[in-house]
Amino acid sequence: MTLKTVTVTGQIYNPDGTPAAGVEGYATLNRPETDNGIVIPTSTFIKADADGKFSIQLWPNARGSGQSQYIVRAYTRRASVLNLVIVVPDVDVPVVITDIAIAQPYPPIDQSLQALLDVQAASVIAQAAKVDAESSADAAFASEEAAALSESNAGQSAQTAGTKAQEAGASAQSALESKNAAALSEQNAGEAKDDAVVAKDKAEAWADNPVDAEVEAGRYSAKHHAIKADQSALSAAQSKADSETAKGIAEEKALAASGSATAAGQSASNAAGSALSANEDRAAAQQSAGQADGSADDAAASKTKAQQWASNPENAPVEGGLYSALHYANKASASATTAGQKADAAALSESNANDSKLAAKQSEDNAKASEENAAISLQTAQEIAIGLSAYAIPGQVVKTTPGGQVTYLFRQPAYNLEDVAPGGELGTGLHPAFLFNGTPAREIFIGAYPGAMVNGEIVCQPGRDPRVSRTFDQSRAECQALGAGWDIMSNWDWSAIALWCMANGFQPRGNTNYGRSHANRWETGTRVVDAVPGSSTNTNGRTLTGSGPATWSHNNTPSGIHDLAGNVGEFNSGLILDNNIFKIAPDNGIYLESEFIDTAYAAAENGTFSTRPYTDPPLILKRGLVVPASASLAPVGYFYKNAEGLRFASRGGSFFSGPFGGAGAMDFRDSRANAGTGIGFRPRFRVI
């Protein structure tokens, strides 16, 4: 049979009145519906076109039996741009969304179903938040695509029960691929970060390596070239000064040579005059002529020397280690050229160093971004891999059972013992609830409601009759049948939650008097049978799970763990009383009873939990809230025991416990074969 749908159209605008182009959102049913045996898809994706217009196919919920409503929401990266509650009429023509919007939802419903409403609304917010993640790295995109594939498979699974197994397999495969992609992204991020460190070191080497210390073969730092350039510039200046000195010397020599030549000319003139005018003094004339010849020779020698001082070749000394003006000019020119080249090389090296620093900074930024994206992608992949589809409301997650049913869990992050007992009563270190066979875990997931049997599976849902009349072994087996990571709630789990309550100054109440709190009688839940609160005429005093007020949850809000106090006592694993001796599991892992720690410590007589007369009990029993840790760490409740044989723990009390019920209530009267209408259990999950 084909599911009927109606075309719903509309246009979405930004807060400034412009069309919200490409905006995305969801239309989500606020409660489950079926139509002729077909399960209606919970969410329908919305994507607007460039003009903000959209058209979607919705099942006409006006024909349903549950008075359901569609919550329609769309978000940009900065604001909510669509927030309507609609009822789709059962018509055969398209409808405009604003024509079918209602001002208010249907009249209030009981609190348990209100929790479902909150879950669906929060799921829409989670989907909108996914839009912001679309700018992440490839691995994040792979995770988002896998999540979309899982969501698509889930929608198709709702159409026909026969394809659930195949689609679940496809979803699991997609989740595995996402997880692998996330791991690869994380590895790439680490490599990128290492590359950034190497690049940063290389940039610093290009900038600051000492003189004559190579950065790479034959290549030196900016600091090296700058110092060399300074030295070359000094050499050039000195060469220039030397050339100026040589030039001065040459000019002086040339002037001296010119004087000598002038003197020689004068001497020659005088000699000629003397020869013409004084033939009688031939000897004197001859002597003057000789002197003139000597002066001419001196003049010629001086002229030659001057030419040498001016233009002797480079590296050819004129005299005594001194060189010509040409020598010094050439040297000065070469030094200037070398200095210019080295200055250019220094500038280039400095530029390269700056480029390297910029590249290193960019690589470091990219590495950080990749690391962040890898973390986000890994978190998303892990959530998909373990089937946690979306955070329902803060602290809770929604997980699907193997049969496709929804179950609600409370996420309890890990904490240290000294965080809840700063006085040192419990010692220090991680609470044992977050250790699994010695391996630490960052969180545990506790059923938000006592376990109930629905369609052959244990689920944690509001508005259900708790599963009872099962032995301890049967109860645990039904929890473990949900698959890997599932088990019955342990005494370590119970201790972690109860101590958290004590540290936060709150102890939950509950159904301890046939549908109501014995202490605050106006606090009531919905009884399983048709009977008024407080009446014991009908001996079934259980209430529907989660139907009480917020004070019946561990954190005093609808988002917490409901019905820990009263309603039904809850079997816990990991703790036994063996012939009146406490034996306890080392931590929250899987242990045989033969592997429990034998504390050799005997149980006290029956009585109020907080006043049992224990003397120097082992620390592990305090940590497990088997005995009071201190006067301030002793939750409300009563202690019962049967000292003979092997006895299993149930905690919290039941609907007839009265003042004896509470987070500290502990009952060791049940053997392995015992079961009763006032004893149930609660599943817990851990990521494996």
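Helix α9 is mostly covered, with eleven of its 13 residues buried (buried means under 20% relative accessible area, exposed over 50%, and partly exposed in between, with a 1.4 Å probe and protein chains only). The buried residues of α9 are N491, W492, D493, W494, S495, A496, I497, A498, L499, C501 and M502. Helices (H or I, at least four residues) and strands (E, at least two) are DSSP runs numbered from the N terminus. The expected span of a helix is 1.5 Å times one less than its number of residues. For the 13 residues of α9 this span is 18 Å, and the end C-alpha atoms are 18 Å apart, which agrees. The model is a predicted one, in which local features need pLDDT of at least 70 and side-chain atom pairs count only at pLDDT 80 or more, whereas totals for chains, interfaces and linings use all residues. Residues are numbered from 1 along each chain as its sequence is written, and side-chain values use heavy atoms, with hydrogens and water left out.

An open sheet is formed by five strands in the order β5-β2-β7-β8-β10, with antiparallel pairing (two strands pair if DSSP finds at least two bridges between them). Strands β5 (43-47) and β10 (101-102) stand at the edges with a single partner strand each, so one side of each is left without a neighbour in the sheet. Within the sheet, β7 (residues 70-75) and β8 (residues 80-86) run antiparallel and are joined by six bridges. Residue V72 stands opposite L84 in β8.

Side chains of opposite charge can pair when their charged atoms come close. With a salt bridge taken as a side-chain nitrogen of Lys or Arg within 4 Å of a carboxyl oxygen of Asp or Glu, the count comes to 19 salt bridges. One of them joins the side chains of D35 and R63, at 3.1 Å from N to O. D35 lies in strand β3 (residues 34-35) and R63 in the loop between β6 (53-58) and β7, so the pair ties together parts that are 28 residues apart in sequence. D35 counts as buried at 10% relative accessibility, while R63 is partly exposed at 35%. Both residues belong to a network of salt bridges that links K4, D35, R63, D90 and D92.

A further salt bridge is formed by R542 and D465, whose closest N and O atoms are 2.9 Å apart. This pair links distant parts of the chain, 77 residues apart, with R542 in the loop between α9 (491-503) and β24 (569-578) and D465 in the loop between β22 (457-459) and α8 (472-480). R542 is buried, with a relative accessible area of 8%, and D465 is partly exposed, with 32%. In the salt bridge between R509 and E523, the closest N and O atoms are 2.7 Å apart. Both R509 and E523 lie in the loop between α9 and β24, 14 residues apart. R509 counts as partly exposed at 27% relative accessibility, whereas E523 is buried at 7%.

The second largest pocket holds about 330 Å³ of space. Of its 19 lining residues, S654, F656, S657, D667 and R669 are the closest to its centre. A pocket is an open set of points on a 1 Å grid over the protein atoms alone, where a 1.4 Å probe fits, with protein on both sides within 12 Å along at least five of seven lines; lining residues have an atom within 4 Å of a point. Grid points are joined across faces, edges and corners, and the volume is the space filled by probe spheres set on the points. Strand β30 gives the most to this lining, with four residues.
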